Amino acid sequence: MSRRSNKSAPDPEKQLMIKVNACKRLLKEADYYKRETKENEEKLQMMKDDGKDPYDIKKFEEVLGESCMMIPDSERRLKESVEDLSIFVDTTNLEQESGYLEQARDLIKQTTLGGVVQETQVEDDAETF
């Protein structure tokens with residue numbers, strides 16, 4: 001019994017869709033960690049102002065520290081994903097303009113300025129983080 005191998009070139013439109021959706025997800029993730037850190041900083045300050053138990057404050061400071069550590073990692077992954085998307089858009093000969101190509105160009109413009117990831121707002125699609 002022989003297996004049939006379907007090793008044809010992957011569909012560029014499908015690859016583009018995957019890369020665009022990955023960038024959107026990573027953009028939402030980076031934004032989420034920034035918002036979470038800001039909210040946790042405010043909550044920590046309230047705990048200190050209210051004179052909460054020092055042990056609770058210390059544990060919450062650890063939670064805040066973990067959130068802060070995730071921001072650079074999520075931004076790095078977003079930057080890599082956007083660079084990958086940009087290279088793909090520049091080097092792939094897409095046969096026609098599509099919604100994903102337009103989204104890709106918007107994401108690239110929106111997230112990079114001189115190689116630095118900018119803080120942006122992402123419109124919520126049907127998908128959630």
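Helices here are DSSP runs (H or I, at least four residues), numbered from the N terminus. Everything described comes from a predicted model, where local features need pLDDT of at least 70, side-chain atom pairs count only at pLDDT 80 or more, and totals for chains, interfaces and linings use all residues. Residues are numbered from 1 along each chain as its sequence is written, and side-chain values use heavy atoms, with hydrogens and water left out.

Two packed helices are described by the angle between their axes and the distance between the axes. For helix H2 (residues 54-91) and H3, the angle is about 135 degrees and the axes sit 10 Å apart. The axes are lines fitted to C-alpha atoms over the stretch in contact, and angles run from 0 to 180 degrees between N-to-C directions. H2 and H3 are therefore oblique to each other; angles under 35 degrees would count as roughly parallel, over 145 as roughly antiparallel and 65 to 115 as roughly perpendicular, with the rest oblique. On the H2 side, the contact (heavy atoms within 4.5 Å) is made by Val82, Leu85, Ser86 and Val89, and H3 brings in Leu101, Ala104, Arg105, Leu107, Ile108 and Thr111. Sorted by type, the residues of this H2 and H3 contact come to 7 nonpolar, 2 polar and 1 charged. Here Ala, Val, Leu, Ile, Met, Phe, Trp, Tyr, Cys and Pro count as nonpolar, Asp, Glu, Lys and Arg as charged, and the others, Gly among them, as polar.

H3 (residues 99-111) also packs on helix H1 (residues 12-49), at an angle of about 35 degrees and with the axes 9 Å apart. The crossing of H1 and H3 is left-handed too. Among the H1 residues in the contact are Leu16, Met17, Val20 and Leu27, while H3 contributes residues including Tyr100, Leu101, Ala104 and Leu107. The contact of H1 with H3 divides into 9 nonpolar, 4 polar and 2 charged residues.

Moving on to salt bridges, the structure holds 10 of them, each being a side-chain nitrogen of Lys or Arg within 4 Å of a carboxyl oxygen of Asp or Glu. One joins the side chains of Lys19 and Asp84 at 2.8 Å, N to O. This pair links distant parts of the chain, with Lys19 in helix H1 and Asp84 in helix H2, 65 residues apart. Asp84 counts as partly exposed at 36% relative accessibility (buried means under 20% relative accessible area, exposed over 50%, partly exposed in between, with a 1.4 Å probe and protein chains only). Another salt bridge brings the side chains of Glu61 and Lys48 together at 3.4 Å, N to O. Glu61 lies in helix H2 and Lys48 in helix H1, so this pair ties together parts 13 residues apart in sequence. Glu61 is partly exposed at 35%, as is Lys48 at 41%.

Within helix H2, Asp73 and Arg77 lie 4 residues apart, about one turn of the helix, and their side chains meet in a salt bridge of 3.2 Å, N to O. Asp73 is partly exposed at 25% relative accessibility, and Arg77 is partly exposed at 24%. Both belong to a network of salt bridges that also takes in Arg25, Glu29, Arg76 and Glu80. Ser74, also placed in helix H2, counts as buried at 0% relative accessibility. Leaving aside residues up to four places away in sequence, Ser74 touches Glu29, Ala30 and Tyr33.

Terms used
Helix = DSSP H or I, 4+ residues; strand = E, 2+ residues; numbered from the N terminus. Left-handed = near helix turned anticlockwise from the far one by under 90°.
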